[in-house]
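Please keep the sequence and the model in view while reading.

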Amino acid sequence: MNRIADIIHRHYDAIVRLWTEEATRAASARGLDAPELKNIMPTYLASLAEDAKAPATTFAERRKYVEGHVAARLRQGFHVAEVVEEFALLGRCISRMWAEAPPQARPDVEDVERLLGELHAASASVIALFSEHMREDEQAEKRYLRLIQKVANEALEVDAASLQERLREVLELIMEALGGQGAALLLKETPLPGLGTVVSTGVAMEALARYATTRGVVDEDPGSGEEAEATPMAVSEDLRREGLSSLLGIRLATHYALRGVLYVGAAASRDFTARERRRLESLGERLTIHLDNAKLYADLQTKVDTLQEERVLRERFVSVLAHDLRGPLSAAKVAAQLLLRRPEMMEERRDLARRIDQNIERTDRMVRDLLDANRLRAGEQLSLQFAPCDLRAIAREVIEELSTIHGERFLLVAEAPVEGFWSEDELRRALWNLTSNAVKYGASDSPVTLTVARTASGATVSVHNEGRVLSQSDQDLLFKPFSRTRSAREGPSKGWGLGLTLVWGCAQAHGGRVSIESGDRTGTTFTLELPLDSRAVAAVVA
């Protein structure tokens, strides 16, 4: 009788070659890459021939070999059944060495049972190790998902600078979870134009950011279909120079308003395992959900804040409206009562009649401003009558009127008349609003300058004042109805927040535009640009 240990010694190379061929064929049939076979399994095979010399020692060594083999297969994406099959395949390859031998050259039954027992124990160890790994892997994944949830829920509720840092924390967690050395995220809000937010971390940060920006956000890259899949990506020379040789990407597409792409890179040139791809898909899916929820919450919070602000503005508007209308109406009423009491002095009290007329005109102007602002808010355009008029003359009239109230603090810069077909009343109201605002919110010790000029395409009139600079957030709200800047709300000057809305409406109705520039050194300048003939605009609108 031959001992199995002796058979292994004599046919070691043949067994390894046969096992390699069979194992490679089995892996390829399952869509796996060819496994690395000439490492632990041949050593394990050799240890089976040493059992007789030191049973306890070789058993402990073989346990380490099994653990090493399982660890290698986990990295390669093998399933537990596939690794168990490898040990069963090894047993079949060994038995083939005596399959055609005569009975006297075969091992005895006890020796065969010992081999089968050893292979069964190895398979049991494989299953136990896989189970332990899966429990640890599941716990690790739960930990990463929990941490990502914490960060992602806060990510889109903060300002842009903090947003970058919070998303970088998410990337570092995902990079750690996949054992990567670099990661990048391109996140875009639809349907807004532009590439949106690009965040990167780890090795080749700048190269990864360039890579993500170049590829952009498209539905088919990386991944395809309704469900995003983790996809190996082509590694550019730029990334290789910076230290990344492998790249895995996944598309992020939320149900609400965000689209993006997430990349994780590795320094080693290798294939990502099925487990790594699955983990990235799981983390990407959870990140997508939390970013979607955070964005939805942030937008809802913005809407709530907007509604709250509108409520406050409406209350303030009603209060100011009641106050402003009561003033001129009360003055007109008192003047009328004086005339009624002394009708014989009507000719001598013409100033009272003039005061009545002025206050009624002031009230009518308030009502007209309110109606026009509501028309603009509804998306309609002001209906104007155009006729020949001089922009310089209109500016001079506005300065003269305001000079009686605020004194000689206005300058007019206009070398010659600037004539065109415009609405004189509407331009007067627009310039009056711009100039009175410059007085209210500008520096009291510096002049307000109105500049009228002809341009190659039309005419411009600008109102400039020194003083507090308008922030970008204030500029974004200036032309909205019932909106006032923070300095206006906190300052002593009261108003409806309609003046600049009417200026914007005037520019639109004339086929022009209004712009603003505000800086510490230059002061604040509102510029109204007009075509020389606005009748064409009226004809198109009609």
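A453 stands opposite T460 in strand 10. The structure is a predicted model. Strand 9 and strand 10 (residues 459-465) pair in the antiparallel sense over 6 bridges, and the two form a hairpin with 4 residues between them.

Strand 9 (residues 448-454) also pairs with strand 7 (residues 410-413), here in the parallel sense over 4 bridges. F410 has V448 in strand 9 as its bridge partner. In a regular strand, the side chains alternate between the two faces of the sheet.

## R392 in helix 12

R392 belongs to helix 12 (residues 391-406). This residue is buried yet has no salt bridge. The nearest side chain of opposite charge is that of D390, 4.4 Å away, whereas a salt bridge requires the charged atoms to lie within 4 Å.

Leaving aside residues up to four places away in sequence, R392 touches L412, A414, E415, A416, P417, V418 and V452.

## Helix 13

Helix 13 covers residues 424-441, which is 18 residues.

The buried residues of helix 13 include E426, R429, N433 and V439. Among the others in that buried set are L427, A430, L431 and L434.

## Cysteines

C93 counts as buried because its relative accessibility is 0%. C389 is buried as well, with a relative accessible area of 8%. The count of disulfides comes to 0.

Note on methods. Residues are numbered from 1 along each chain as its sequence is written. This is a predicted model: local features need pLDDT of at least 70, side-chain atom pairs count only at pLDDT 80 or more; totals for chains, interfaces and linings use all residues. Side-chain values use heavy atoms; hydrogens and water are left out. The expected span of a helix is 1.5 Å times one less than its number of residues. Buried means under 20% relative accessible area, exposed over 50%, partly exposed in between (1.4 Å probe, protein chains only). A disulfide is a pair of cysteine sulfur atoms within 2.5 Å. Lys and Arg count as positive and Asp and Glu as negative; His and the chain ends are not counted. Contact means heavy atoms within 4.5 Å. Two strands pair if DSSP finds at least two bridges between them.
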